[in-house]
Amino acid sequence: MELNKVTLIGGGVLGSQIGLMCAYVGKEVTFWLRSEASIGRAKPKLERYSELMIQDLLTAKALIGSPMGKFVYPKGLIRDWDSATPESIDALVAQAKENFASKIKFELDLGKALSDADVVIEAMAEDPKAKIAIYSDMKDLIPEKTVLLTNSSTLLPSTFAEYTGRPEKYLALHFANTIWKNNTAEVMGHPGTDPEIYKETVKFADEINMIPLQLHKEQPGYILNSMLVPFLSSAQALLATGVADFETIDKTWELATGAPAGPFKILDIVGLETAYNINQMKPDVNVEGSVTNLIGKLLKEKIDKGETGVNAGVGFYKYK
Ligand SMILES: NC(=O)c1ccc[n+]([C@@H]2O[C@H](COP(=O)([O-])OP(=O)(O)OC[C@H]3O[C@@H](n4cnc5c(N)ncnc54)[C@H](O)[C@@H]3O)[C@@H](O)[C@H]2O)c1
């Protein structure tokens, strides 16, 4: 089965990136958005991300032949770096511009947005009630053939499977922010997912230039966040309890492991609001003096000053 017609539910940070990536490789993309105002908010995001993608392609031309090239080229945009030439990248740029202009449409009517979809990707806000509501609304509108995917970062597909009316065709395909560069796609079913649909999803992920990372069972936080969240929490605890300053903590990690970025550089990329929200979910967050409580205060202070990370131009570090 070819999964060519893609409908995105949500046109936020991730929804817009996923839609663009699908259009980039030539899939037909429909964004379902709930109002004209949502379309008004999604369009500038699509423009900004498409410009960044084109810019990264053009920058990659200068990396050809450089030993660093293979580490930093936009992996979701160039499938075969070893055979890339300035001409082949120019052709990708031209094709991308054409596809972004011709392969993306917007729809306010949910029924119309779903009527012919091969695959629906739910990339709506991380709000379980809102997700249940949209799955319930979609249930009788999605064609029999359609695969339904969720990009949820923290919620498990088994939580929602019963509301979808198609548990066997429902699973998670979890992308990372800036997907055209960080092209991982964690594939995670729930116990009722049909193994054939799982395989179709792995194939689809590959077709849209992602590296499919297959989980054999449900795991909150998938593979990446199961490692990253405790790592970042440990670093925040060292800072919040006054063991060391953030620069020393980063330097320790970078020098000792050879990693290019320490935990506070990573936190700036993730965004301090996300880190704060994750911290707020911990049971002892309101226990005065607990490490979690101290981390919450530290992050809140920075967020209140607008120092939320790379996107704001300042987080733990300053950015141009
Ligand atoms: N931001 C990330 O780095 C990241 C990474 C991987 C996965 N995710 C996941 O992707 C999903 C979307 O995250 P995001 O960062 O793009 O969020 P976002 O806030 O940027 O976008 C959310 C989108 O959902 C829409 N929406 C919100 N409530 C709605 C409702 N009740 N009905 C219809 N539409 C509604 C908004 O209009 C918007 O288009 C979440 O499940 C999140 O966990 C996010």
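Thr184 stands opposite Ile211 of strand S8, strands being DSSP runs of E with at least two residues, and helices runs of H or I with at least four, both numbered from the N terminus. S7 and S8 are joined in the parallel sense by four bridges; two strands count as paired if DSSP finds at least two bridges between them. The model is a predicted one, in which local features need pLDDT of at least 70 and side-chain atom pairs count only at pLDDT 80 or more, whereas totals for chains, interfaces and linings use all residues. Residues are numbered from 1 along each chain as its sequence is written.

On S7 (residues 184–188), S6 (residues 170–175) is also attached through four bridges, here running antiparallel. Within this pairing, Ala172 stands opposite Met188, and His174 has Glu186 as its bridge partner. Four of the five residues of S7 are buried, so this strand is largely enclosed by the rest of the structure. A residue is termed buried if 20 or more other C-beta atoms, placed from the backbone, lie within 10 Å of its own, exposed if 12 or fewer do, and partly exposed in between.

These strands belong to an open sheet of eight strands with mixed pairing, in the order S3-S2-S1-S4-S5-S6-S7-S8. Strand S3 (104–107) and strand S8 (211–214) are the edge strands, each pairing on one side only. On average, neighbouring strands of the sheet are turned by 25° against each other, direction ignored; the axes are lines fitted to C-alpha atoms, and angles run from 0 to 180 degrees between N-to-C directions.

The protein chain comprises 13 helices and eight strands in total. Its radius of gyration, 21 Å, is close to the 20 Å given by the globule rule for 320 residues, so the chain is as compact as a globular protein of that length. This radius is taken over C-alpha atoms, and the rule is 2.2 Å times the number of residues to the power 0.38. Buried residues make up 37% of the 320 residues. The domain assignment, automatic or from a database, gives domain 1 (5–214) and domain 2 (225–309), with C-alpha centres 29 Å apart.

The ligand is surrounded by 20 residues, the closest being Gly10, Gly12, Leu14, Ser153 and Asn177; a residue is near a molecule if its C-beta atom, placed from the backbone, lies within 6 Å of it. Helix H1 (13–24), helix H6 (128–138) and S6 each give two or more residues to this shell, and H1 supplies the largest share, three residues.
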